[in-house]
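Welcome! Here are a few exercises for getting to know a new structure, each with a solution that you can follow step by step. Have a look at the picture first, then try each task before reading on.

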Amino acid sequence: MTLTHSGTPEDFVPASQPELSRFLSENATSAHQQIFPVGGRTSLSVCCPDSHSGTLVCMSQLHRVVDYPVRDMTITVEAGMRLDQLNEIVSAEGQRLPIDVPQSNRATIGGVIATNTSGPRRFSYGTIRDYVIGISAVDGAGNLFKSGGRVVKNVAGYDLGKMLVGSLGTLAVISQVSLNLRPKPECMQLVWFEFSSCESVDQALEAIVTSGTRPTAVEYCNSKAARQIVAESRIELPMENHVVCICYEGPEKVVKWQAQQIIEEWRSFSPLSVQIIEGTHAARLYHAFVEYQTSSDDPVTLKAMLLPSQMMSFIETATRLNIAIQAHAADGIVYGHLPDSASSLEDVNQILEQLTTGIDSRTGYLTIYQCESDWSESLPLFCSPPAGWELMRQLKQALDPQQLLNSPRFAKLVKH
Amino acid sequence: MVDPANQTSHLSAPVLEELERGSGPFSSLIQQLTQIVGKKALLYDADELLVYECDGYIVDKSAPDIVVFPTSTEQVSSIVKICNQFNVPFLARGAGTSLSGGCLPIGGGVMIVLTRMKQILEINLRDRYAVVEPGMVNLHLTNALKGTGYHYAPDPSSQGSCTIGGNIATNSGGPHTLKYGVTTNHVLGLEAVLPDGSIINLGGPTAETPGYDLHGVYVGNEGTFGICTKAIVRLTRDPEAHRTMLAVFHTISDATRAISEIIAAGIIPSALEMMDQGIIQAIEEAFHFGFPLDAGAVLLIEVDGLDIALDEEVRQIVDICNSHNVREIQRADTPEERQLIWKSRKQAFGAIGRLSPSYCTQDGVVPRTRLPEILEFIEATSEKYGMRIVNVFHAGDGNVHPILLFDERDQDQIQQVLEASEEILSKCLELGGSVTGEHGIGVEKINFMSRIFNETDLSQMEKVRNIFNPRQICSRDKVLPPHQTDLQASVTQSHPGRRAPH
Ligand SMILES: Cc1cc2nc3c(=O)[nH]c(=O)nc-3n(C[C@H](O)[C@H](O)[C@H](O)COP(=O)(O)OP(=O)(O)OC[C@H]3O[C@@H](n4cnc5c(N)ncnc54)[C@H](O)[C@@H]3O)c2cc1C
Ligand SMILES: Cc1cc2nc3c(=O)[nH]c(=O)nc-3n(C[C@H](O)[C@H](O)[C@H](O)COP(=O)(O)OP(=O)(O)OC[C@H]3O[C@@H](n4cnc5c(N)ncnc54)[C@H](O)[C@@H]3O)c2cc1C
């Protein structure tokens, strides 16, 4: 069975949380099938060998709004709700969940939480972990449990929501979440700058620390990525050099002032060109940045998590290796798509070796985000094991002692 | 400081005997701890231990047997290993400002006080983080950052004394939580000594680390997952400007409706603090700020951000307050005036001291829109018990802090405080809220846990705790309701060489 295909007879589609819980409990006591929770199936092959036998638990029927007290600015929804649907509901009230999600017409809130998806806006709004105020989930044995609640401030009990954010469906199937919302800003503008070298980009990025403006997002792309983003958005970007794109959101007057101000501030770093993008063009370009990190059929997609101060030297090496790079630059999060010329495992390993030598192992990580399916068994998911690894293994053992939940994905994590 | 050779007169007879003999478990425990931290960093004199018999929660008391003051992670680790060897429970203490009895050493044992570990190890503005030791006082970090354009955002009202380690353990909030979030939103990683003495690192200085978010799970553990010995915290840009206002309302319900409306209008103030008539009168008596004594409620409203954005926000807020019958709005035009307004809020607790010998601060949460209901209920409870209850709280988060005034010397009053608190918190739950927004469960609210969570929820939480703290030797009987058998064990094991009371 292939994980990415849908509608096989063995799929299970629960219509309620108790039904999900009953199914998993029966599975744990009798069938012992491997369980693969799926949301929008936008990226099931990520980090995972993509064919296994087992049961897909599809969350598509669990997509209801449980409670939306609009003035409290919180919402409780079932985990299978698609992001576009969620955004539509809250947007009608002038609110939003300020998390960028690629393929948001298909991706589900459960999937976003399980994968800790985030995009450019994380610089000023944080990530999904900052918005989950309560969560319900079902573990491998079928135990339906919750933590947190529906109020924005609550410290009763341990924060199991944090445990599930980024857990990739290996600890429990997320069934319902309560989220904190934010007001929708009046307008957005982007300002892009073209620089001739990594060094001048680095200087400009350093100046963000003391800028008189407060950007919502700071995106970087090298020339190879710029070309792909231009193709996607049909918005002109310079394609021969390095591009930094700053995003501002808020009341129009304030956004406009900031766009002018950053141009003024960055004059001293001698950008080759500068442009302000507004209105639907801004939305289109922004969308292309959000989609870029995942929509790839390149042989390998990497994700590096670095200190912003160490990022540009990594990017310099990667650019030399012909890797297309996009970065949430002020946060040190880098996505890289390897060139088609990396056609064998040997090539990829060589590239990885060169990239990791530049990473300080105490303060930086490189992970394989997506790769050709027949390589996924052999490539390490993490190029160095994360801190607290032994405790993570114990956590998996405690919540899923029979190793029934997404275990191939977890096994992949364990290997390194 | 105590010198065991000549200051043992307050110790209990069996301990004294042991120490004189220079043998026995208690004596060798002290000897081994002394080897690690030195004589000056150890207390076991009964008189001196009295200071540590409670924290900011004064209703229950229980003294530890030994207090140690380590100065390094290695010392903490060695202390913990020795406690394991002797099978003696232990727990961490920061500044002891906990309001839920988090520092109460149930059954005694060793208290590890972290206030001597208070260094800033690194400040990195480019990468927007700082590394600090756990005993660092919250405000001292922000003071150290003055002039850099950055600060540490979580600012509990106790920030002048509470420690970053205590804040992490309790996931503290503060007046600026509404806009900037609570402690967990600002912790990137940490180092901790696990209850078996091993040293671990979770998370790190990068914006994201792969794997499970264990530092996120650690924050808010209330000391039950081991001892935090280092924290990597996020630094936040200082806002360019502030606008601070005091809005005086005739009634509480006008004020609470205005709050809801401000936020619904898409404005997230950096602070929205409410003071009711009782507290206004107390503050006025103590400090003469010039508040009208007959006002129903005063709101401290602050917006911050870019200077160019603020006047419009202020205009909208003033409009909303006007449409909710505001009596007057005072604006701070200078930094001095702003400080004065904040002083009134920050000294509220000091003013309460003048009203009654003791007070108990509660910590319920309701959805913001249910504030009028909970405040009415609090008033009714006050009347029912004939007990004065005043309110000063983080209104923007729906986090109420009714302060119950009583006299600790009167047993009946203590009982009434417990009952009234229970009623108020139950009402918070009924309104869809929680029994604690920032002070934690500690020992105070442990009985509520089985009302908020069912058995499965609690057993999952227990599984997670057991990963960190399988033997429950660290900060036992906190957060999760204990199993009866464990409770007995804690009494027996905490006094090595002494007999368990029957
Ligand atoms: C391993 C992995 C890591 C990713 N990391 C990032 C990232 O760092 N940044 C980024 O922007 N995008 C990331 N993505 C992309 C992300 O998957 C999509 O953007 C989207 O959020 C996924 O939603 P979905 O509903 O399509 O999930 P799916 O593609 O259906 O599932 C994705 C993963 O989530 C699990 N899952 C889905 N629903 C649930 C649920 N209700 N309970 C428990 N587990 C569930 C699945 O088992 C699977 O492991 C990642 C994807 C994967 C698979
Ligand atoms: C006047 C006043 C105002 C307050 N205002 C607020 C407020 O606005 N917001 C708020 O959230 N709280 C507030 N509090 C409560 C209290 O200040 C906070 O809970 C604070 O975080 C406790 O810090 P502390 O250093 O005093 O910790 P302690 O009281 O010493 O300890 C609290 C808990 O943390 C554990 N602990 C301490 N240090 C460590 C460590 N290094 N590792 C592991 N566990 C540890 C202890 O075991 C205990 O369980 C207030 C208290 C007072 C008295």
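**Exercise 1.** Find the backbone atom of Glu222(B) that approaches an oxygen atom of ligand 2, and then describe the surroundings of this ligand.

*Solution.* Keep in mind as you work that this is a predicted model.

Step 1: Start at Glu222(B), where a backbone N or O atom lies 3.2 Å from an oxygen atom of ligand 2. That is a polar contact, because the cut-off for a pair of N or O atoms is 3.5 Å.

Step 2: Look for further partners. The side chain of Ser172(B) places an N or O atom 2.7 Å from an oxygen atom of ligand 2. A nitrogen atom of the ligand, in turn, is 2.9 Å from a backbone N or O atom of Gly173(B).

Step 3: Ask how much of the ligand is covered. On its own, ligand 2 exposes 970 Å², and the protein buries 94% of that.

Step 4: Trace the shell back to the secondary structure. Strand E3 (90-93), helix H6 (164-170) and strand E10 (227-234) of chain B are the elements giving two or more residues. The most come from H6(B), which gives five residues.

Step 5: Ligand 2 is surrounded by 34 residues, and Ala92(B), Gly94(B), Thr97(B), Ser158(B) and Thr163(B) are the closest. Sorted by class, there are 12 nonpolar, 19 polar and three charged residues.

**Exercise 2.** Which residues of chain A make polar contacts with ligand 1, and what does the shell around this ligand consist of?

*Solution.* Step 1: Begin with the nitrogen atoms of the ligand. One such contact is 2.7 Å, to an N or O atom in the side chain of Tyr369(A). Another is 2.8 Å, to a polar backbone atom of Ile174(A).

Step 1: Now turn to oxygen. A polar side-chain atom of Asn406(A) is found 2.8 Å from an oxygen atom of ligand 1. Of the 890 Å² of accessible area that the ligand has on its own, the protein covers 98%.

Step 2: Consider the shell, which holds 33 residues; Tyr369(A) is among the closest, along with Pro37(A), Ser43(A), Gln293(A) and Lys303(A). Its classes are 17 nonpolar, 13 polar and three charged residues.

Step 3: Strand E1 (35-38), helix H3 (109-115) and strand E8 (172-180) of chain A supply at least two residues each, and H3(A) has the largest share, with five. In terms of domains, at least three residues come from each of domain 1 (1-184) and domain 3 (300-389) of chain A.

**Exercise 3.** How many residues does each side bring to the contact between domain 1 and domain 3 of chain B?

Step 1: Count across the contact. Domain 1 of chain B brings five residues and domain 3 of chain B brings four.

**Exercise 4.** Describe how strands E5 and E6 of chain B are paired.

*Solution.* Step 1: Strand E5 (residues 120-124) and strand E6 (residues 129-132) of chain B run antiparallel and are joined by four bridges. Ile123(B) faces Ala130(B) of E6(B).

Step 1: Follow the turn. Four residues lie between the strands of this hairpin, and Arg128(B) has a positive phi near 55°.

Methods: Residues numbered from 1 in each chain as written. Chains lettered and ligands numbered in written order. Predicted model: local features only at pLDDT ≥ 70, side-chain atom pairs only at ≥ 80, totals over all residues. Heavy atoms only, no water. Pairing = 2+ DSSP bridges. Near = heavy atom within 4 Å. Polar contact = N/O pair within 3.5 Å; in protein donor to acceptor, adjacent residues only side chain to side chain. Areas by Shrake-Rupley, 256 points an atom, 1.4 Å probe, with all protein chains shown as cover. Nonpolar A, V, L, I, M, F, W, Y, C, P; charged D, E, K, R; others polar. Domains from an automatic or database assignment. Contact = heavy atoms within 4.5 Å.
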